[in-house]
Amino acid sequence: MSKSRILYKRDNRICILTKVLNVIPGEGRSEDWKTGLLVSTGRQQVILNCWNSKNPEKPQMATRAKQLKPGDTIVALIIAQNGEFSCIAYLKDEGFLSIDNNGYPIFIIYGNVRICLLYTSPSPRDGATSR
């Protein structure tokens with residue numbers, strides 16, 4: 001992939017497919033607090049701020065971002081505010097992101113993801129038959 005692609009853009013949320021150009025070590029309270037990812041958005045290069053949360057139940061974005069390397073391709077969900085870009089989720093190998101689009105979810109699927117249709121009752125296996 002040579003160019004970035006915007007997959008979704010609405011208000012201050014942007015989802016892009018891009019390559020990591022550089023990983024920038026953290027700063028702030030501790031070196032694990034924040035990690036920056038230098039990426040290309042097509043027209044410009046920007047730093048995506050990845051933050052660790054004080055809440056251990058939440059995804060620790062800065063810690064995960066440190067595992068990326070220059071040249072890795074990612075799908076990143078970004079919030080843009082006041083000239084800063086914060087990465088709130090990203091996919092490296094595979095998975096999906098769910099974005100709320102005014103009450104209607106948009107799913108962005110990336111990589112070699114297997115999709116399974118779940119079947120619910122009535123089912124002949126549980127003794128019920130459809131009428």
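## Confidence of the model

The chain has a mean pLDDT (the predictor's confidence in each residue, from 0 to 100) of 79, and 79% of its residues reach 70 or more. Confidence is highest in β2, at 90, and lowest in β7, at a mean of 79; strands are DSSP runs (E, at least two residues), numbered from the N terminus.

This is a predicted model, in which local features need pLDDT of at least 70 and side-chain atom pairs count only at pLDDT 80 or more, while totals for chains, interfaces and linings use all residues. Residues are numbered from 1 along each chain as its sequence is written, and side-chain values use heavy atoms, without hydrogens and water.

## The largest pocket

I6, K9, I14, I16, T41, R43, Q44, I78 and F85 line the largest pocket. Strands β1 (5–10) and β2 (13–24) are the elements that give two or more residues to this lining. By class, the lining comprises five nonpolar, two polar and two charged residues; Ala, Val, Leu, Ile, Met, Phe, Trp, Tyr, Cys and Pro count as nonpolar, Asp, Glu, Lys and Arg as charged, and the others, Gly among them, as polar. A pocket is an open set of points on a 1 Å grid over the protein atoms alone, where a 1.4 Å probe fits, with protein on both sides within 12 Å along at least five of seven lines; lining residues have an atom within 4 Å of a point.

Definitions and conventions
Helices (H or I, at least four residues) and strands (E, at least two) are DSSP runs, numbered from the N terminus.
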